[in-house]
Amino acid sequence: TSNKRTLRTLFRPAALPPPVISETSPSQRKLLAYHRGKEQQETISQLLIDRALEVSYITMGETDKRDAAPPITERRSTVRKYFFIKFCLAVYLFLKKCVQSNPMIPVQQQWLRSVLAMVLQSLMEGRDRQMLTEDLLKEIVRDYEKSMQRHVLRRALVKPDIKELDQLEEEAPLPLLPLGLDFSSTWHNRYIKAKKRIISTLHILHPTMKTLLDFGYTAFFNFLVVDFSSSRLQGPVDCKSFKTDASLSCSKAEDEIMSSWYQNVIGLFTQSEALDGVKLDQLESFYNCVAVLMSNQLKELLRRTTEVFVKLFDPEDRSSLPLFKMDLTFDENRMEFYPSLQDLEEAILFVVDCIGQTLQNVQTMCAWLTGGTATLDAELPAHIVQWAKSTLKKSISDNLEGPKEHFKGYVESYGWLVDGTAEERINRFVAEQPGFDEYT
């Protein structure tokens, strides 16, 4: 019947699901394409890695291929590590290039001027020295810029620990601080301590030393032990007189110094004010300082006298060159100078020795006050004596070129008359019994 409930009427027929819509939205298509592309890239990369591994083993023997080839997973890990290292190198080199391209702070000109101000002026004179200075300044600027660039690079980037990078970058290590110098501690306290010690122990700062310096400057400023600057105006002099004049001049100069300068020094130290501020345990060092100061003054006087005497024989300036009397003699069939050229040289060098022997027995102040026998060290330094004699020998040789040529001309022209050659020729001519015409 129409109202009879049946199984068909109790359950409605099942509805089928709606058909699948094949159309996708633009965002879904883009996402699917991205996933497909990523999967394809991974597949291609894996194929490339496998191919690279196969190529790397081609050069190996056929029997060793299977044994030498590591598992595929290990090979893939090695290749990934290789590509990772290459990637790190590329990134580091790129960043390094970026850092190096940044401008650096240039060297300040005042820094360079400060450096030049500490160089002695005598070392910068001359055209070659100026060019050398410019080259050195350019080198300093290059080293500064290179060092700054390296420091900035090391401060901005951390260098990866990769062996391949060491081969690409062959750089010397950064300069280290000078060995033995400590820049961490201040110097001012040490300077103050040293200054106080100098003031208390360095007696050259004592007022008595200043007075002693004034005595020496006044007495020796325009004084020479031997002065032959006007010898040329007096005419020729023989060697013996020259040596005698030098000895008398040295003796007279020594007496004058001992009666003036030395007496003033004695008068200074006989006063009680001369030792003001000097402690009893410092007397020995104080008088040692006095002795050194007096020795230096006497040495300076002798050195200056020697230099002035040597300058008289300068071949390039003969305005003050002394004149010597020399005779051309004939004795025992020989022609020669009297005195000989060697005697002349010895007479001139004698003056240097005479200057060096002057003022060698001057008592020290401590010995004079205590009755001792110690003397001042007023000996000329050996290098001064050696220089003076070697220079004089060369100057004498140069100045005697004229007399030597004069003597040589006499010997060539008239030597055969006195050396027996003429007499031998005459005797041979007479022995031949020539005729009257031959005699004439």
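Predicted model: local features only at pLDDT ≥ 70, side-chain atom pairs only at ≥ 80, totals over all residues.

Biologist: How many disulfides does a search of the whole structure find?

Modeller: A disulfide requires two cysteine sulfur atoms within 2.5 Å. For Cys354, the nearest cysteine sulfur belongs to Cys250 and is 3.3 Å away, and Cys354 is in no disulfide. Over the whole structure, the number of disulfides found is zero.

Biologist: Is Cys354 buried or exposed?

Modeller: The cut-off for a buried residue is under 20% relative accessible area. The relative accessibility of Cys354 is 9%, so Cys354 counts as buried.

Biologist: Where does Pro160 lie, and what is its distance in space from Ile85?

Modeller: Pro160 is in the loop between helix H6 (127-156) and helix H7 (163-168). With 25% relative accessibility, Pro160 counts as partly exposed. Pro160 and Ile85 are 75 residues apart in sequence, and their C-alpha to C-alpha distance is 9.7 Å.

Biologist: Are the axes of H12 and H15 roughly parallel or roughly antiparallel?

Modeller: The axes of helix H12 (residues 283-311) and helix H15 (residues 382-399) come within 10 Å and cross at roughly 10°. Angles under 35 degrees count as roughly parallel. H12 and H15 are therefore roughly parallel.

Biologist: Which residues of H15 meet H12, and how many residues of the contact are nonpolar?

Modeller: From H12, the contact involves Arg303, Thr306, Glu307, Phe309 and Val310. Their partners in H15 are Ile384, Trp387, Ala388, Thr391 and Leu392. The residues of this contact comprise two charged, two polar and six nonpolar.

How values were computed:
Residues numbered from 1 in each chain as written. Heavy atoms only, no water. Buried < 20%, exposed > 50% of the residue type's maximum accessible area, 1.4 Å probe, protein only. Helix = DSSP H or I, 4+ residues; strand = E, 2+ residues; numbered from the N terminus. Axes fitted to C-alpha atoms, helices over the stretch in contact; angles between N-to-C directions. Parallel < 35°, antiparallel > 145°, perpendicular 65-115°, else oblique. Contact = heavy atoms within 4.5 Å. Nonpolar A, V, L, I, M, F, W, Y, C, P; charged D, E, K, R; others polar.
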